[in-house]
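Open the model in your viewer and keep the selection panel at hand. We will go from one element to the next.

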Amino acid sequence: MSGNVITNPDSDVHITQDNQKKINTFAVRNGWMEELELELKAKENDLKNLEDAEQEVVLMTDPIPILVGDSFVHFEPDAAGEELNKRIQLTKESIKKLNVDIASVKSEMNKLKADLYERFGDNINLENEEA
Amino acid sequence: MLAMLTDGAARWSGVEGAPIVVTSWRVNCEEEDTIINGGRFKRQGGVEFVDDVDAFMQLPENAANSQNVLKKMEEIYSKIKVLESNNVNNKIRLKNQIQELEKSIAMIGELKNRKAANEDMSTHFRLADHVFLKAKVKPAEKVGLWLGANVMLEYDLEEGDELLRSKKTKAEQTLKTTNTLIDSIRENVTTIEVNMARVYNWDVKRRQAEKEKLGLAAN
């Protein structure tokens, strides 16, 4: 969120239009970052569950119900393994994509951060408040 | 403003499934714009960047009265925040919508697989929210799609798949627009936050200067 951009009340450092633009971009990217990280976490969790399931399925001989949409569809053990594998690959792809996005947003943010700290020093706070 | 949003939400699930969200924002934006035009903070519903606080405070309508200026800014600030949360709500709704569509597409995909293999599909299907029933589904040719407004139509698997996919694409486009909107709203939020901080600082400085002056006079 934008709430983390706090200017020090004691400061009277002049802010130019260009500075303001950088502050704005930083705030927006920070919002992106939060969302990307949440998505990544969710996908990593999915992947872990899918991989656990894939291991379990190997031991089964009966048809296995797998959730497709809102209903369970029964898959023969082989087909179940395939289905899970397909989902694992898809999830891995999304994770890879998310990591690329995160890296690029992060590098943009770091550049903005360096610029803004150089310009304003202690008069600006661009860190996330950790709980 | 809210009426428009509800209208948009209702129409969203309509037969045509046309995403109305963007239009409703435009209405909001124009409304905000007319309000904001009253102050010096216009620019297509946006917040104006204050370059020189001192010069800004000397403007006739500001009359160096930081209390009034801050009050005006805070009013605008809370209006933009409302706009932001409306759009964030839209975004959440769209994301849910896309997720639901993906579920339906996945199920039709499975039906297509079974049809291609000419294989019965054994399921536990959802009868009610927490009730599942075992059933065997013969290879299906047709599938009923809920179009909203209490209307369901039967489609060939292929047609149904296409329809759901095009709905999903539309929803994704609207989500993209909404995201861009939220970004630009956040830029405005940040600008006005900085404006407020600077006007506040300007006032602190002014008061200090006055105090010093008084102190000098007393000496």
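Select helix 4 of chain B. This helix lies across strand 2 and strand 3 of chain A together with strand 1 of chain B. Helix 4 of chain B runs at about 130° to strand 2 of chain A. Contact here means that two C-beta atoms, placed from the backbone, lie within 7 Å. Axes are lines fitted to C-alpha atoms, for helices over the stretch in contact, and angles run from 0 to 180 degrees between N-to-C directions. Helices (H or I, at least four residues) and strands (E, at least two) are DSSP runs, numbered from the N terminus.

A note on the source: this is a predicted model, where local features need pLDDT of at least 70 and side-chain atom pairs count only at pLDDT 80 or more, while totals for chains, interfaces and linings use all residues. Residues are numbered from 1 along each chain as its sequence is written, and chains are lettered from A and ligands numbered from 1 in the order in which they are written.

Four strands form an open sheet in the order 2(A)-3(A)-1(B)-2(B), with antiparallel pairing. Strands pair if DSSP finds at least two bridges between them. The edges are strand 2 of chain A and strand 2 (131-137) of chain B, each pairing on one side only. Neighbouring strands are turned by 30° against each other on average, direction ignored.

Zoom in on the pairings. Strand 2 and strand 3 of chain A are antiparallel over five bridges. Find Pro65(A), which stands opposite His74(A) in strand 3 of chain A. Now cross to the other chain. Strand 3 (residues 71-75) of chain A and strand 1 of chain B pair in the antiparallel sense over two bridges. Phe72(A) stands opposite His124(B) there.

Stay with the interface. The contact takes 28 residues from chain B and 23 residues from chain A. On the side of chain B, helix 4 (66-117), strand 1 (121-128) and helix 5 (157-218) each give two or more residues. Helix 5 of chain B supplies the largest share, 14 residues.

Colour helix 2 of chain A. This helix lies across strand 2 and strand 3 of chain A, at about 35° to strand 2. How far apart are its end C-alpha atoms? They are 62 Å apart, which agrees with the 64 Å that 44 residues (77-120) should span at 1.5 Å a residue. The expected span is 1.5 Å times one less than the number of residues. Its buried residues are Ala80(A), Glu83(A), Leu84(A), Thr91(A) and Leu112(A). Buried means 20 or more other C-beta atoms within 10 Å of a residue's own, with C-beta atoms placed from the backbone. Their cover includes helix 1 (17-57), strand 2 (64-68) and strand 3 of chain A.

Now take helix 1 of chain A. Its 41 residues should span 60 Å at 1.5 Å a residue, and the end C-alpha atoms are 60 Å apart, which agrees. Buried residues include Ile23(A), Phe26(A), Val28(A), Leu50(A) and Val57(A). The buried residues of helix 1 of chain A pack against strand 2 and helix 2 of chain A together with helix 5 of chain B.

Finish with all of chain A. Chain A has two helices and four strands, in the pattern β-α-β-β-α-β. Of its 131 residues, 19% count as buried.

Terms used: Buried ≥ 20, exposed ≤ 12 C-beta atoms within 10 Å, placed from the backbone.
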